[in-house]
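Let's take a walk through this model together, moving from a single residue out to the cores and the spaces between atoms. Please keep the structure open beside the text as you read.

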Amino acid sequence: MKFSILIISFRSFSILKECLMNLGITREILVVENSNSVDIKNDIQKEFPYVKFILNNKNLGFSKAANIGLNSVKSDDVLMINTDVEIKENQISNLENEIFKSKIDYALATPYSDDLVDFISQSKFDKLFKNYNILDNKEKFQKVEFIKGSILIINIRKFLNKNLFDENFFFFFEEIDLCRTVKTLKQNIYVLMFEKVIHFGSGSTSIKHQKYVNFRNWNYLWSSFHYNKKHYGFLFSFFKHLSKLFRYLIGVLIFYFFSKNKFLASKFRFLGLWASIVGVKSIVSAKFLD
């Protein structure tokens with residue numbers, strides 16, 4: 001059993017290069033670049049000629065890029081990682097061997113990482129999901145109901161087709177939505193506690209900090225509203241987010257005079273939430289990274 005490795009990248013040559021240097025050359029590796037950077041494509045293929053490369057020519061969002069990649073890899077067992085994740089070749093081999101030997105019945109899995117602990121134990125994305133403290137026991141394979149999307153091991157055979165991700169999500173909540181699909185299909189999600197990887201966070205792009213922060217603030221609120229609307233209806237999502245809508249609007253008016261950072265945070269959260277409410281598609285947020 002060998003994984004196909006899928007990497008979604010966005011204008012991140014240096015960190016993509018570091019990521020690829022850790023992965024070895026014995027597996028299929030596919031990079032899907034969510035930009036029109038021919039230079040990144042040429043430089044990567046020159047230094048890593050064994051790496052397959054898809055250039056999307058524009059930013060299509062994480063979900064669409066992931067679906068393009070999943071439909072292009074050969075194996076039905078896919079290790080999908082962000083460029084800001086550090087995982088070594090020997091760790092990948094160990095994950096493959098342990099999954100094969102144990103014959104765990106999984107749809108999604110992820111190795112352990114420090115930021116995964118709080119994410120699983122404290123996140124309140126959906127009342128449907130139960131929170132766990134994954135450090136409570138010493139099992140090698142810990143069953144959970146949701147995991148982060150920074151590194152995913154995907155068993156494509158457990159899904160109806162290879163378009164796993166809802167392409168309405170541009171950034172954020174796409175993995176939570178996928179975990180909900182897994183739960184609906186009555187399939188299993190595991191944390192593989194015997195391997196620990198490093199997720200540096202917010203490192204998948206070379207975009208200037210403030211642009212990236214604005215982009216994240218807009219998309220988090222857009223995706224939060226869309227996720228709840230998709231699964232619980234417009235009215236539920238509207239009333240769930242109504243207090244936030246007014247809070248961010250008030251923040252825009254107040255912080256304009258006192259704090260540029262808080263003003264921008266309130267502004268882009270309000271705009272993202274409002275755009276989702278009125279039906280603006282999330283792909284418009286790509287302009288914030290130009």
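Let's begin with a term: a residue is buried when its relative accessible area is under 20%, exposed when it is over 50%, and partly exposed in between, using a 1.4 Å probe and protein chains only. This is a predicted model, in which local features need pLDDT of at least 70 and side-chain atom pairs count only at pLDDT 80 or more, while totals for chains, interfaces and linings use all residues. Residues are numbered from 1 along each chain as its sequence is written, and side-chain values use heavy atoms, with hydrogens and water left out.

Because its relative accessibility is 3%, Val197 counts as buried. Val197 sits in the loop between strand 9 (189-196) and strand 10 (198-199); helices (H or I, at least four residues) and strands (E, at least two) are DSSP runs numbered from the N terminus. What does Val197 touch? Taking contact as heavy atoms within 4.5 Å, and not counting residues up to four places away in sequence, Val197 touches Val85, Glu86, Ile87, Gln91, Pro111, Tyr112, Ser113 and Ile151.

Helix 4 (residues 89-102) has 14 residues and reaches 20 Å from its first C-alpha to its last, close to the expected 20 Å, where the expected span is 1.5 Å times one less than the number of residues.

Just after helix 4 comes Lys103, with a positive phi of about 55°, although Lys103 is not a glycine. Most residues other than glycine have a negative phi. Lys103 lies in the loop between helix 4 and strand 6, and counts as exposed because its relative accessibility is 66%. Phe172 also has a positive phi, of about 80°, without being a glycine. Is Phe172 buried or exposed? With a relative accessible area of 18%, Phe172 is buried, in the loop between strand 8 (151-155) and helix 6 (174-184).

Now for the interior. A nonpolar core is a set of buried Ala, Val, Leu, Ile, Met, Phe, Trp, Tyr and Cys residues joined through side-chain atoms within 4.5 Å. The largest such core has 40 residues, of which Leu108, Ile147, Ile154 and Phe165 touch the most other members. Apart from it lies another core of 31 residues, among them Val31, Leu79, Ile87 and Ile92. Leu108 has contacts that include Ile147, Ile153, Ile154, Phe159 and Leu178.

On a 1 Å grid over the protein atoms alone, a cavity is a set of points where a 1.4 Å probe fits but cannot get out; a pocket is an open set with protein on both sides within 12 Å along at least five of seven lines, and lining residues have an atom within 4 Å of a point. Grid points are joined across faces, edges and corners, and a volume is the space filled by probe spheres set on the points. The largest cavity has a volume of about 30 Å³, and is lined by Thr110, Pro111, Ser113, Asp115, Leu116, Lys148, Ser150 and Ile151. Strand 6 (108-112) and helix 5 (114-122) are the elements that give two or more residues to this lining. The second largest pocket holds about 190 Å³, and Glu167, Asn168, Trp222, Lys281 and Ser282 lie nearest its centre among 13 lining residues.
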